[in-house]
Amino acid sequence: RGNLLQRSLAFSVNAFRKNKNGFFIMAEGAQVDWAAHHNKLEWMVQEVQDLDRAIGDMMRFVDENKETLLIVTADHETGGLTLLNGSLETGKVAGQFSSDDHSAVCVPVFAYGPQSNLFTGVYSNTEIFSKIMFLFNKNKTGK
């Protein structure tokens, strides 16, 4: 798949950025989940790298468009991956999956841009929706 997510997200941003009212995009690196369900470490790493490139592009977009907030999270963890060894020199990583299903591991939330400070701490993932709606309504009313 290469950089499919990166290219798809760039296409979407370019299509919507002309909208004077702004836009909301929700993109998913779903193949990371599928690779973890199948306990395929190499596939998962490739998909995480694609996701990482897409996030890097969006961070640059946020730097250029000061009204943009980027939120990165997951709906759950899959596979219970433990990294056992790795090398920056070779670019290789070794790991062991403990499951082929979802785990109870908490997932992080990363935010970059204006109001990113609202996305700190530990909370239920349903709070992300509430925080987004708070910001949407705040920007809509100016309060």
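Author: A residue counts as buried under 20% relative accessible area, as exposed over 50%, and as partly exposed in between (1.4 Å probe, protein chains only). This is a predicted model, in which local features need pLDDT of at least 70, side-chain atom pairs count only at pLDDT 80 or more, and totals for chains, interfaces and linings use all residues. Residues are numbered from 1 along each chain as its sequence is written, and side-chain values use heavy atoms, with hydrogens and water left out.

Reader: What percentage of the residues of the protein chain count as buried?

Author: The protein chain has 143 residues. The share of them that counts as buried is 18%.

Reader: In what order do the elements of the protein chain run from the N terminus on?

Author: Helices (H or I, at least four residues) and strands (E, at least two) are DSSP runs, numbered from the N terminus. The protein chain has four helices and four strands. Read from the N terminus, the order is α-α-α-β-β-β-β-α.

Reader: What share of the accessible surface of the protein chain belongs to carbon and sulfur atoms?

Author: Accessible areas come from the Shrake-Rupley method with a 1.4 Å probe, and for residues only the protein chains shown count as cover. The C-alpha trace of the protein chain spans about 50 × 30 × 25 Å along its principal axes. The accessible surface comes to about 10,300 Å², and the part belonging to carbon and sulfur atoms is 56%.

Reader: Are helix 1 and helix 3 roughly parallel or roughly antiparallel to each other?

Author: Axes are lines fitted to C-alpha atoms, for helices over the stretch in contact, and angles run from 0 to 180 degrees between N-to-C directions. Angles under 35 degrees count as roughly parallel, over 145 as roughly antiparallel, 65 to 115 as roughly perpendicular and the rest as oblique. The axes of helix 1 (residues 4–16) and helix 3 (residues 41–64) come within 7 Å and cross at roughly 30°. The two helices are therefore roughly parallel.

Reader: Which residues of helix 1 make the contact with helix 3?

Author: Contact means heavy atoms within 4.5 Å. On the helix 3 side, the contact is made by Asp-50, Leu-51, Arg-53, Ala-54, Asp-57, Met-58 and Phe-61. Their partners on helix 1 are Leu-4, Leu-5, Gln-6, Leu-9 and Val-13.

Reader: Which residues does Gln-6 touch, not counting residues up to four places away in sequence?

Author: Gln-6 lies in helix 1. Because its relative accessibility is 16%, Gln-6 counts as buried. Leaving out residues up to four places away in sequence, Gln-6 touches Asp-50, Arg-53, Ala-54 and Asp-57.

Reader: How far apart in space are Asp-57 and Arg-7, C-alpha to C-alpha?

Author: Asp-57 is a residue of helix 3. With 21% relative accessibility, Asp-57 counts as partly exposed. In sequence, Asp-57 and Arg-7 are 50 residues apart, and from C-alpha to C-alpha the distance in space is 9.9 Å.

Reader: Is Glu-47 buried or exposed?

Author: Glu-47 has its place in helix 3. Not counting residues up to four places away in sequence, Glu-47 touches Arg-1, Gln-31 and Val-32. The relative accessibility of Glu-47 is 7%, so Glu-47 counts as buried.

Reader: What is the phi of Asn-39?

Author: Asn-39 is found in the loop between helix 2 (30–37) and helix 3. At 32% relative accessibility, Asn-39 counts as partly exposed. Asn-39 is not a glycine, yet its phi is positive, at about 55°.

Reader: How far apart in space are Ala-104 and Gly-80, C-alpha to C-alpha?

Author: Ala-104 sits in the loop between strand 3 (92–96) and strand 4. Its relative accessible area is 78%, so Ala-104 is exposed. Ala-104 and Gly-80 are 24 residues apart in sequence, and their C-alpha to C-alpha distance is 8.7 Å.

Reader: Which residues is Val-93 in contact with, leaving aside its neighbours within four places in sequence?

Author: Val-93 belongs to strand 3. With a relative accessible area of 35%, Val-93 is partly exposed. Apart from neighbours within four places in sequence, the contacts of Val-93 are Leu-41, Val-45, Leu-83, Asn-85 and Gly-86.
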